[in-house]
Amino acid sequence: MKRLLHLFDKWPRFMLSVVVLIAILCLTLDGDAMGVDVGLFEGSDKLAHAIMFAGLSVVLCLDLQRADWSHGISWTRSVLVFAVASIIGVAVEFMQLYMPTGRSFEVGDMIADAVGALVGTLIFRLILRHVDH
């Protein structure tokens with residue numbers, strides 16, 4: 001696990017977060033969703049939103065943590081990551097509302113994004129606590 005956490009240390013700071021954000025924007029704003037159909041079961045689209053934003057919050061935490069591996073990410077930074085990821089989720093829904101993407105505005109998606117962001121942030125904190133840096 002230690003090696004996996006340090007895998008991206010040589011990348012420019014926040015590059016991983018930008019890559020994940022671009023992937024999320026492509027998946028959520030493309031009218032065809034790049035040929036991906038998440039209608040596997042009732043609520044599967046909400047699960048997909050939660051997973052995407054959990055991933056975003058994990059890489060945001062990782063990018064912030066890379067500045068100092070001597071101790072874990074602070075609660076203040078954790079709250080900041082959760083807030084930033086959640087705000088991005090809200091912004092994406094409003095982009096869907098106002099852009100002709102063929103996608104729909106849903107409050108449920110915003111909630112799923114925020115829940116995913118919270119879970120991702122907490123998972124990162126939990127993993128970091130159990131890894132010797």
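Mentor: This is a predicted model, in which local features need pLDDT of at least 70, side-chain atom pairs count only at pLDDT 80 or more, and totals for chains, interfaces and linings use all residues. Residues are numbered from 1 along each chain as its sequence is written, and side-chain values use heavy atoms, with hydrogens and water left out.

Trainee: At what angle do the axes of helix α2 and helix α4 cross?

Mentor: The axes of α2 (residues 15-29) and α4 (residues 75-98) cross at roughly 35° and come within 10 Å. Axes are lines fitted to C-alpha atoms, for helices over the stretch in contact, and angles run from 0 to 180 degrees between N-to-C directions.

Trainee: Which residues of α2 and α4 meet?

Mentor: L21, L25, T28 and L29 in α2 meet I88, V92, M95 and Q96 in α4. Contact means heavy atoms within 4.5 Å.

Trainee: Why is V81 called buried?

Mentor: Buried means under 20% relative accessible area, exposed over 50%, and partly exposed in between (1.4 Å probe, protein chains only). V81 has 2% relative accessibility, so V81 counts as buried.

Trainee: Which residues is V81 in contact with, leaving aside neighbours within four places in sequence?

Mentor: V81, in helix α4, is in contact with S57, L60, C61, L64 and T121.

Trainee: What makes V107 partly exposed?

Mentor: The relative accessible area of V107 is 48%, so V107 is partly exposed. V107 lies in helix α5 (residues 107-129).

Technical notes: Helices (H or I, at least four residues) and strands (E, at least two) are DSSP runs, numbered from the N terminus.
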